[in-house]
Amino acid sequence: MAKLSDKCCQACWHDWDNPCPDLVECMTAGPVCHDSEPCKTKRQAAIAELRREVVSEPVLFVGTGTCGLAAGAGKTLATAKRWLEEKGIAAKVVEVGCIGLCAVEPILDIQMPGKARVSFQEVSADSVGELLESVMVKGDLPEEKVLGQHRPVEGSALEPWQGAAWLDEHPFFAPQTRWVLANCGIIDPTQIEEYIARGGYAAMAKTIRSSTSAELCDEIEASGLRGRGGGGFVTGKKWKFALNTPAEQKYLICNADEGDPGAFMDRAVIEGDPHRLLEGMAIAAYGIGASKAYVYIRAEYPLAIKRLHEAIAQAHKYGLLGHNILDSGFNLEILVKMGAGAFVCGEETALINSIEGKRGMPRPRPPFPAVSGLFGKPTIINNVETLANLPGIALKGAKWFSSVGTAGSKGTKVFAVSGKINLTGLVEVAMGTKLRQIIEDIGQGIPNGRKFKAVQVGGPSGGCVPAQHLDIEIDYESLKTIGAMMGSGGLVVMDDQTCMVDVAKFFMNFVQRESCGKCIPCREGTRRMLEILQAITRGRGRETGSDALDRFKGVMYLQRLAEVIRDTSLCGLGQTAPNPVLSTLRWFRDEYEAHIYERRCPAGVCTELLTYRIDAEKCRGCTLCAKKCPSGAILGAPKSPHYIIPDKCIGCGTCVEVCRFDAVIKE
Amino acid sequence: MITTEIDDILQRHPNAGRSSLIPILQEVQEAHGYVSKDAVVQIGGHLGLPAAKVYGVATFYNQFRFAPPGQFHIQVCRGTACHVKGSAGILEAIQQLLKIQPGQTTRDGIFSLEVVACIGACGLAPVIAVNGEFHAKLTAEAIKGIIDEYRERATNGQAE
């Protein structure tokens, strides 16, 4: 395989060891240092090969991101390799990241020489042999497995398959605008040259060659890019604080501590396209004048950490990181720091404390990290997705970026769609896309014919959006008006079998556990809120003394307590902690009331509030339920219908599970 | 024996300052599966920090364990997507089957149980990971088969 690192001829004096400022351009569009038609042809051939517009032997692409592996891609990969070996077929097997459609993983792509690349869905280890036989030997595509074929670039010699739909017309992909995720699931994340062949590092090369830091900050500010991690602060403006603070050392930190349960876009970007992040970091570091950068990444993402280390080592080898990058005088070292599992470390000052080796507790601001951050030096912290947006802006300009989006929010946003929805996965849409479109068109609605109830946006800091507000156009401001927030972009869909009080309780449990304990409103307040929610979902059977009175008292104070926590907590975690409760109280007050006044859970989730009875017609008197009942609440003679004593029943649901005749009815 | 291993790890961080504390703790846990009392004292000595400070940092973070894990370490994801899809039932099924609570190890030392905030495989919820091996789209019924499979592996001595 031709490589970009090979010299085209002797006239070319520069290579990755002796770079010139034009090196990236020279390698991809060049040569620019000398005029030679054969050299140009040679370069273009190498690029075409790296972009897989020309393949000499069949190529298998297996999506082996964490989600792919969870779905069994590892076994598919091993079986496919064994199959090729047994049949004696020469083929290249490439492990790619996640293309984003988790619901139909494992995904396997096949590209036959001269033909377009085709993606296949749900390729388990059992079915991979049959699929390969059909496509590679017989040459036909099994219809039910085809996800879609990749559209060849214009002028490419690749011939499309007859009768196979285009991947970009698939309902999941068609409404998306994939900028950040453009390469995910397409390229080999372990090969820097594939990234360069697709235009990678051109933006960094252009920036450090032709812009000053101040110009870059202006450009990024003009693009309207805002932080994708939650706060939504204008990125260019934030950089300027650090740029204008004189210091001999400045730091850039990439926040990859994706702590929001329900969000996984950062993991997917790092696993599938790590060089995009590194290039974005290099641009950001140049913009603020930092020569040292950290990636603070969750230890729960071992594959992403591995990919990141590999990518950094490669970028060093190609002189795209390190000392005097591309002979420009710009230096950058990137270090990887593993987080140790604390949600609060997503907060900037807590994250800084954690890197310094302290407990990850936030500190009051100001001084802002941009002025005095890591080791007391000016520090800019950007989220993975924010950084991954930078190469596009730096290369194509602020106007290109701001042409997409709403008045206040530009560009695209990646959402992690999960929960009770047919097609789960990563979705990148233009700002201003309607929530309804994401759920009904891209996600294909709710499974099993159930009814949509709400979508939780933004994790523990966000809120639930009910059905009547689905037509809202997503941007930072619009979500706030309905009590949610962008957060990192987790979208968890809930149907009518999800209890909103239970969801609020789940988040309060999470937040009170993750509260660092430094300020009282958050430490004590979230605990009290959880206790109030626990009280209203507790069955009467377990209430003693004045518990019932406390339950009512708690409910009366719930909203006020939430507001106090919001107004008086030290950091973002505490200030947003009551949001899940406030938003569910606002939109689903009827469910709270059903729990409090009627002592029932409409969704049938809060087990202690459920009542059970036995259908005398169906009960055969097998005595199984009576034997298994932990509280001895079921009585009845053998071979005659049993009955449940409501006062003794603790609502555990064991009888429903053990009954073989479906005689126990849950209400 | 353990002490020398910790020495090896500490030697890889010569002249280390406080910012190396978390990476060292992570390496120690990686090597032993947990952070022992001796390790805390030794790390404190190396970094010139009181053992209490080291312990204070280590207990702050969810990642660090202070008791040896089982041969198979089960991580149950309790993220939002997993919760909505019924991970509470999965956790309960595992607890009933193994008769341990999160943070505990079975008496035969084969299994230990941990609850984690989010593994990041939300599209395939509910998910558990056993020694880093993922099992997705689970039901409470499927748990028994998975546990049995690992128990068999343990008795055959195939644990990694």
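## Briefing: a two-chain predicted model

P366(A) sits in the loop that links α13 and β9 (379-383) of chain A. The names of such elements follow DSSP: helices are H or I runs of at least four residues, strands are E runs of at least two, and both are numbered from the N terminus. This is a predicted model, in which local features need pLDDT of at least 70 and side-chain atom pairs count only at pLDDT 80 or more, while totals for chains, interfaces and linings use all residues. Residues are numbered from 1 along each chain as its sequence is written, and chains are lettered from A and ligands numbered from 1 in the order in which they are written.

**Confidence**

- The model has an ipTM of 0.91 and a pTM of 0.92.
- Chain B has an average pLDDT (the predictor's confidence in each residue, from 0 to 100) of 89, and 97% of its residues score at least 70.
- Within chain B, helix α1 (residues 2-11) has the lowest confidence, with a mean of 84, and helix α4 (residues 51-60) has the highest, at 95.

**Chain B as a whole**

- Chain B contains 7 helices and 4 strands, and from its N terminus they follow the order α-α-α-α-β-α-α-β-β-β-α.
- Along the principal axes, the C-alpha atoms of chain B fill a box of roughly 50 × 35 × 25 Å.
- Chain B has 160 residues, and 42% of them count as buried. Buried means 20 or more other C-beta atoms within 10 Å of a residue's own, exposed means 12 or fewer, and partly exposed lies in between, with C-beta atoms placed from the backbone.

**The sheet in chain B**

- An open sheet of 4 strands in chain B has the order β2-β1-β3-β4, with mixed pairing. Two strands pair if DSSP finds at least two bridges between them.
- The edges are β2 (111-116) and β4 (133-135) of chain B; each has a single partner strand, so one side of each lacks a neighbour in the sheet.
- On average, neighbouring strands of this sheet are turned by 25 degrees against each other, direction ignored. Axes here are lines fitted to C-alpha atoms, for helices over the stretch in contact, and angles run from 0 to 180 degrees between N-to-C directions.
- Helix α6 (residues 87-98) of chain B packs on this sheet, where it touches β1 (72-77), β2 and β3 of chain B, and its direction makes about 155 degrees with that of β1(B).
- Strand β3 (residues 128-130) of chain B runs antiparallel to β4(B), joined by 3 bridges, and I128(B) is placed opposite H135(B) in β4(B).

**A sheet in chain A**

- In chain A, 5 strands form an open sheet in the order β11-β10-β14-β12-β13, with mixed pairing.
- Its edge strands are β11 (425-430) and β13 (463-466) of chain A, each pairing on one side only. From one strand to the next, the twist averages 30 degrees.
- Antiparallel β10(A) and β11(A) are joined by 6 bridges; F415(A) has V427(A) in β11(A) as its bridge partner.
- Strand β12 (residues 452-457) of chain A and β13(A) are antiparallel too, with 4 bridges. Their hairpin has 5 residues between the strands, and G458(A) in this hairpin takes a positive phi near 90 degrees.

**A buried helix in chain A**

- Helix α11 (residues 274-288) of chain A has 15 residues, and 15 of the 15 are buried, so the rest of the structure largely encloses it.

**Where the chains meet**

- Contacts link 42 residues of chain A with 33 residues of chain B. Two residues are in contact if their C-beta atoms, placed from the backbone, lie within 7 Å.
- On the side of chain A that touches chain B, α3(A) gives the most, with 5 residues.

- Most residues other than glycine have a negative phi, and most peptide bonds are trans.
- R365(A) and P366(A) are joined by a cis peptide bond, with omega about -5 degrees.
- Another cis peptide bond joins A125(B) and P126(B), with omega about -10 degrees; P126(B) is in the loop between β2 and β3 of chain B.
- N448(A) is not a glycine, yet its phi is positive, at about 60 degrees. N448(A) is exposed, with 8 other C-beta atoms within 10 Å.
- N15(B), also not a glycine, has a positive phi of about 50 degrees, and with 5 C-beta neighbours inside 10 Å it counts as exposed.
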